[in-house]
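Here is my note on this model, point by point. Please read it with the structure open.

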Amino acid sequence: MKLEVVVEWSKGRRERWEWKGGRFVRKREGVAAPVNYGFLPDVLNPADGEEVDAVVLGPPLPPKSRTRAPLVGLVWLADGDHKLVLAPGGGPYPEDEAALLAWFEPERRARLKCESAAREWLEELGYQS
C-alpha cells in the first residue's frame with residue numbers, strides 16, 4: 001500500500017514547516033530530525049485531533065513537498081499518537097529505524113510494528129485506500 005505524505009520536516013534539519021490552520025508555519029527545533037517527518041492529509045488521529053503523523057525513511061526530502069511511498073510499519077507510542085512509517089522502495093533502512101525509535105522520550109515506549117499493524121490502525125481510523 002502506497003500513501004501520500006506531506007513533508008513538514010526534512011531529515012537532518014532543525015528547521016520545520018509545521019502545518020497549522022491550513023498553512024505552513026516555520027519553526028526552529030532544538031534537534032535535527034532523524035527522518036523525514038510529515039502527515040497523511042485528511043486523516044485525523046484521535047490522540048491529538050490532528051492529521052496522522054508519518055515518517056519517510058531514506059534520504060532527505062524537501063519540506064512542503066508531497067511524496068508517495070510504501071507503508072512499511074507503525075511507530076506505536078504509549079500515548080496513542082502513533083506514527084506511520086513509509087520507505088521508498090520498501091526499505092529496509094535499519095539506521096533510520098534505530099534513530100527514529102531513539103528520538104522519542106522513553107516514557108512514550110516507542111515500538112516499531114509491522115505493516116499489517118499499520119494498516120489495521122488506519123482502518124480503525126476510517127481510512128480507505
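1. Start with Glu15. Its relative accessible area is 17%, so Glu15 is buried. Buried means under 20% relative accessible area, exposed means over 50%, and partly exposed is in between (1.4 Å probe, protein chains only). Glu15 and Arg26 form a salt bridge through their side chains, at 2.4 Å from N to O. A salt bridge here is a side-chain nitrogen of Lys or Arg within 4 Å of a carboxyl oxygen of Asp or Glu. The pair links distant parts of the chain: Glu15 is in strand β2 (residues 15-20), Arg26 is in strand β3 (residues 23-28), and they are 11 residues apart. Arg26 counts as exposed because its relative accessibility is 58%.

2. A word on the basis. This is a predicted model, in which local features need pLDDT of at least 70 and side-chain atom pairs count only at pLDDT 80 or more, while totals for chains, interfaces and linings use all residues. Residues are numbered from 1 along each chain as its sequence is written, and side-chain values use heavy atoms, leaving out hydrogens and water. Helices (H or I, at least four residues) and strands (E, at least two) are DSSP runs, numbered from the N terminus.

3. Next, the other salt bridges. The whole structure holds 14 of them. Glu29 and Lys27 meet side chain to side chain at 3.6 Å, N to O. Glu29 counts as buried because its relative accessibility is 16%. Lys27 has a relative accessible area of 31%, so Lys27 is partly exposed.

4. Look at Arg108 and Asp81. They form a salt bridge, with the closest N and O atoms 3.7 Å apart. The pair links distant parts of the chain, 27 residues apart: Arg108 is in the loop between α1 and β8, Asp81 in the loop between β6 and β7. Both Arg108 and Asp81 are buried. Salt bridges with shared partners join Asp53, Asp79, Asp81, Lys83, Glu105 and Arg108 into one network.

5. Glu51 is in strand β5 (residues 50-56).

6. Asp42, in strand β4, has a positive phi near 65 degrees, though it is not glycine. Asp42 counts as exposed because its relative accessibility is 71%. Arg109 has a positive phi near 50 degrees and sits in the loop between α1 and β8 (111-114). The peptide bond from Gly91 to Pro92 is cis, with omega near -5 degrees.

7. Last, strand β1 (residues 2-9). Six of its eight residues are buried. β1 pairs in the antiparallel sense with β6 (residues 66-76) over five bridges. Pairing requires at least two DSSP bridges between two strands. Glu4 stands opposite Arg68 in β6.
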